[in-house]
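Here are some notes to read alongside the model. They are meant for someone opening it for the first time.

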Amino acid sequence: MAESREAVTFAESVYALSKVVHIAKFRNDVSLGLNEHQRKHLRLLDDIALLLVTEPKSDVAAVALERRSSEVHFYYAKNCPATHIDELIAVLKGIGTPTERSEKMLDKVMLVCRAKILSRHSKLLVTIRENKAVDGPYIRGDRHGELHGYFKSNFSDWYAEFTTAAEFLTTFLTVIEKPLPSKSEQLFDILRMAHVIGSYRPELSPDTTAPQRPPELIFIDPMLNQRIRLLGDYYGAVKRIVKHYDLAAERQSEEIKIKIHPAPGTAQLAATMPKDYLTILNRFATERNLPTATYATIAAAYPICTPAPTAGKPLQSVLHSVHAECTLAVYLTSLGRPWTNIEIGCSKGSCWLCEFYLSHTQAGLAFHVRNVHGKLQPGWTMPEGGDAMVEKSLRELVVNEVIEVMHKAHNGTRGDSQPRSESDEDEKKNTEPTPIRRPFWV
Ligand SMILES: [Zn+2]
């Protein structure tokens with residue numbers, strides 16, 4: 001076939017690797033090198049980025065802020081157009097108490113981010129049903145009094161009708177199992193509850209001689225806690241943004257001017273790749289006189305690789321796009337400002353190649369993100385107009401990784417790849433061993 005003589009492209013290598021390795025084995029926990037100030041700033045930026053995501057899938061936002069005396073310059077990159085930023089800022093700077101403005105902002109967010117909120121809601125529903133399918137709830141029974149006090153202090157207005165925390169949690173789960181209300185007021189309440197429940201963090205025991213276990217969450221299944229927290233993130237993000245803005249405004253004698261700078265958009269391109277990714281790997285091997293592999297040798301070295309395709313459609317649709325954090329990094333670099341460190345907030349964790357790209361930028365300029373999930377995304381695309389040296393290193397990185405895969409498959413060595421995280425868009429599943437299911441709250 002003529003096709004087999006064509007050189008393997010970067011896009012093909014990335015796609016084939018994503019079928020084999022899934023998660024980069026040498027990912028760095030970039031957040032480890034951050035100081036407290038950077039962490040706080042990144043948290044705020046991640047909150048802002050979350051509110052900009054309007055589509056349930058394939059929309060990601062990356063944002064950065066720069067203070068210049070009384071001006072705040074807001075830079076962002078996003079896959080789908082953002083139309084609500086001005087409205088959000090108007091409410092943020094408008095009149096009203098912090099709670100009133102938070103509610104108004106959440107109203108606006110719920111209008112444009114509804115698809116994303118619904119997507120998080122349906123994922124939570126799946127997890128609730130999975131928990132029920134085992135032998136029913138899933139709520140720890142040993143923190144009754146403490147939780148009751150916690151909910152009472154957070155929901156002083158309407159928690160009074162509940163006599164126990166269990167009753168409240170059961171009501172909450174029942175509400176979640178119904179379709180989300182269309183009235184923003186009721187949806188607001190649900191997101192608020194999800195936020196309070198999801199952000200519950202019990203104190204560690206003050207007795208330092210006792211063995212310290214990690215704090216136990218409300219639900220036995222860590223995924224259930226996480227899904228509730230993710231649904232509540234919208235409420236939390238709005239509250240934190242309003243609080244942060246008010247603190248900044250208090251310190252400022254004149255009005256804070258917010259200037260918005262969108263990065264030039266990049267096209268997302270739907271293309272197809274062969275499901276038979278082994279042909280790509282073997283074309284690559286032939287080009288470089290490396291031993292070829294079979295699905296069996298790949299699977300022996302990488303047990304969680306995608307299995308050999310069965311009969312059916314030979315092609316898979318893959319969305320090729322420049323990830324928002326790379327688009328923003330290239331845009332910010334192009335402005336030529338005297339920056340040395342730039343924090344970038346993202347609506348989801350950064351992938352392996354983005355992390356590499358951001359951490360290998362030109363001398364003197366460092367980009368920081370808070371979360372890296374380290375996965376390999378099949379449609380990852382190099383940003384245009386970026387640093388040529390970084391681009392070269394990244395291409396080499398991918399080539400070397402494919403070479404390693406071929407060697408490991410040939411030698412029968414086990415790769416270090418980790419299982420693919422199931423479905424969550426934001427974070428890895430907690431790796432705690434599966435807990436023993438206990439009966440409902442006692
Ligand atoms: Zn990425």
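Which helices do the buried residues of H8 pack against? Point 2 takes this up.

1. Overall make-up. This is a predicted model. The protein chain has 14 helices and eight strands. Of its 442 residues, 37% count as buried. Take the contacts in the chain with a separation of 6 or more: residues 24 or more positions apart account for 78% of them.

2. Helix H8. This helix covers residues 184-198, 15 residues in total. Its first and last C-alpha atoms are 20 Å apart, close to the 21 Å expected at 1.5 Å a residue. The buried residues of H8 are Ile-190, Leu-191, Arg-192, Met-193, Ala-194, His-195, Val-196, Ile-197 and Gly-198. They pack against four partners: helix H4 (98-112), helix H6 (144-154), helix H7 (165-176) and H9.

3. Met-105 in H4. Look next at Met-105, which sits in helix H4. It counts as buried because it has 25 C-beta neighbours inside 10 Å; the cut-off is 20 or more. Leaving aside neighbours within four places in sequence, Met-105 is in contact with Leu-88, Val-91, Leu-92, Val-238 and Val-242. Ala-90 is 15 residues away along the chain, and its C-alpha atom is 9.2 Å from that of Met-105.

4. The nonpolar core. The largest nonpolar core has 105 residues. Ala-62, Val-63, Tyr-234, Leu-281, Leu-328 and Ile-344 touch the most other members. Helix H9 (residues 222-251) gives the most to this core, with eleven residues. In soluble globular proteins, nonpolar side chains tend to be buried together.

5. Helix H12. Why is H12 described as largely enclosed by the rest of the structure? Because nine of its eleven residues (the helix runs 324-334) are buried. These are Ala-324, Glu-325, Cys-326, Thr-327, Leu-328, Ala-329, Val-330, Tyr-331 and Leu-332. They pack against strand E1 (61-68), strand E2 (71-78), strand E6 (341-343), strand E7 (345-346), H13 and strand E8 (366-368). Leu-328 gives the detail: beyond its neighbours within four places in sequence, it is in contact with Ala-62, Ala-64, Tyr-75, Tyr-76, Ala-77, Ala-263 and Ile-344. After H12 comes Gly-336, with a positive phi near 65°.

6. Ser-359 in H13. Helix H13 spans residues 352-359, and Ser-359 lies in it. Is Ser-359 buried or partly exposed? It counts as partly exposed, because it has 17 C-beta neighbours inside 10 Å. Its C-alpha atom is separated by 9.3 Å from that of Val-390, which is 31 residues away along the chain.

7. H10 against H14. The axes of H10 and helix H14 (residues 388-411) come within 10 Å and cross at roughly 95°. H10 is therefore roughly perpendicular to H14. On the H10 side, the contact is made by Leu-281, Phe-284 and Ala-285. On the H14 side, Val-402, Val-405 and Met-406 make it. By class, the contact has six nonpolar, no polar and no charged residues.

8. Asn-289 lies in the loop between helix H10 (277-287) and helix H11 (295-301). It counts as exposed because it has 6 C-beta neighbours inside 10 Å. Check its backbone too: Asn-289 has a positive phi of about 55°, although it is not a glycine. Most residues other than glycine have a negative phi.

Conventions
Residues are numbered from 1 along each chain as its sequence is written. This is a predicted model: local features need pLDDT of at least 70, side-chain atom pairs count only at pLDDT 80 or more; totals for chains, interfaces and linings use all residues. Helices (H or I, at least four residues) and strands (E, at least two) are DSSP runs, numbered from the N terminus. A residue is buried if 20 or more other C-beta atoms lie within 10 Å of its own, exposed if 12 or fewer, and partly exposed in between; C-beta atoms are placed from the backbone. Axes are lines fitted to C-alpha atoms, for helices over the stretch in contact, and angles run from 0 to 180 degrees between N-to-C directions. Angles under 35 degrees count as roughly parallel, over 145 as roughly antiparallel, 65 to 115 as roughly perpendicular and the rest as oblique. Two residues are in contact if their C-beta atoms, placed from the backbone, lie within 7 Å. Ala, Val, Leu, Ile, Met, Phe, Trp, Tyr, Cys and Pro count as nonpolar, Asp, Glu, Lys and Arg as charged, and the others, Gly among them, as polar. A nonpolar core is a set of buried Ala, Val, Leu, Ile, Met, Phe, Trp, Tyr and Cys residues joined through C-beta atoms within 7 Å. The expected span of a helix is 1.5 Å times one less than its number of residues.
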